[in-house]
Amino acid sequence: MSHPKYEKTLIIIKPDGVQRNLIGEIVSRFERAGLKLVAMKMMTANVEMIKKHYTLDPEWMRLVGEKSIKGLLDKGIEPISRDPMVIAQSVIDRLSVYLTSGPVIPMVLQGGHAVSVVRKIVGTTEPVMSDVGTIRGDYVLDSYPMAMADERCVRNLIHASGTVDEADNEINLWFKNEEIMDYVLVNERVIYGVI
Ligand code: ADP
C-alpha cells in the first residue's frame, strides 16, 4: 500500500464559484488544511466531458437519484418521480447546462486522506444541509426544493471526488500526466512529522 499522504483527489470549482469570486477562498480552505496543490487550470468544459465525468461510476445515476428523492421527502416535498433513474437523468441534463455555462477550475490536491478530508471541508451535496464551517455550508443557501422549483441544478460551488478510485478516474479524465506536478513542500516535514 502506498503511504496515505500520497492520496490525490479532484476538485472542480464550478461556474458559480468562479462567478462569485470565491476561487481564492476555496483554494485557501484546502491549503490551510495542509493539502498540496499539484495541478490546476481554467477551462470551459463541453457537454460530452460533463456526461463522461458523471458516468465514470456506473452507480452514480442510482445514487444521485436516491439522494435527491430522500432530500425532498425528508422536507415533506414530493419529487417529480420516485424512480431514481428518472431523477438522475434530469440531474445529468441540468448538470450539462450548468457546468458548461462558463469557465470552471479543475485542480488536483494531494495529501493525507485527501479524498475524505476534502469531502469534509466541502460539505454535503445540498448546501442548506451542510454544516457551518464547510465551504458549501458557509457560502451557499441552495437546496433541492429551490433547484426543483427553478428546474435547474443545485448550486454548490464545487465538485469533489467521492472515493479514491473515483478520484483516479476523474484525474485521468481532466488532466494529462505531465500536468500533474511532483514536488515537495517545505511544510510537509512538519505536517507528516518526519523532523
Ligand atoms: P456531490 O457533488 O456532492 O458529489 P452528486 O454527485 O450526488 O453530489 O451530484 C452531482 C451534482 O449534481 C451536485 O453537486 C449538484 O450540483 C447536482 N445535483 C444533485 N442532485 C440534484 C438535484 N436533485 N437537482 C438538481 N441538481 C442536483
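Visitor: Which residues line the largest cavity?

Guide: Rolling a probe the size of a water molecule over the atoms shows where empty space is left. A cavity is a set of points, on a 1 Å grid over the protein atoms alone, where a 1.4 Å probe fits but cannot get out, and lining residues have an atom within 4 Å of a point. Here the lining of the largest cavity consists of Ile12, Lys14, Ile50, His53, Tyr54, Leu99, His159 and Trp174. This is a predicted model, in which local features need pLDDT of at least 70 and side-chain atom pairs count only at pLDDT 80 or more, while totals for chains, interfaces and linings use all residues. Residues are numbered from 1 along each chain as its sequence is written, and side-chain values use heavy atoms, with hydrogens and water left out.

Visitor: How much space lies in the largest cavity?

Guide: The volume, meaning the space filled by probe spheres set on grid points joined across faces, edges and corners, is about 30 Å³.

Visitor: Which helix gives the most to this lining?

Guide: Helices are DSSP runs (H or I, at least four residues), as strands are (E, at least two), numbered from the N terminus. Helix α3 (residues 47-54) gives the most, with three residues. Domain 1 (9-39 + 115-195) and domain 2 (47-99) each contribute at least three residues to the lining; these bounds come from an automatic or database domain assignment.

Visitor: Which residues touch the most other members of the largest nonpolar core?

Guide: In soluble globular proteins, nonpolar side chains tend to be buried together. A nonpolar core is a set of buried Ala, Val, Leu, Ile, Met, Phe, Trp, Tyr and Cys residues joined through side-chain atoms within 4.5 Å, where buried means under 20% relative accessible area, exposed over 50%, and partly exposed in between (1.4 Å probe, protein chains only). In this model the largest core has 24 residues, and Leu95 and Trp174 touch the most other members. Helix α5 (84-98) is among the elements that each supply at least two residues, and α5 gives the largest share, four residues.

Visitor: Is Arg32 buried or exposed?

Guide: Arg32, found in helix α2 (residues 23-32), is exposed, with a relative accessible area of 65%.

Notes: On a 1 Å grid over the protein atoms alone, a cavity is a set of points where a 1.4 Å probe fits but cannot get out, and a pocket is an open set with protein on both sides within 12 Å along at least five of seven lines; lining residues have an atom within 4 Å of a point.
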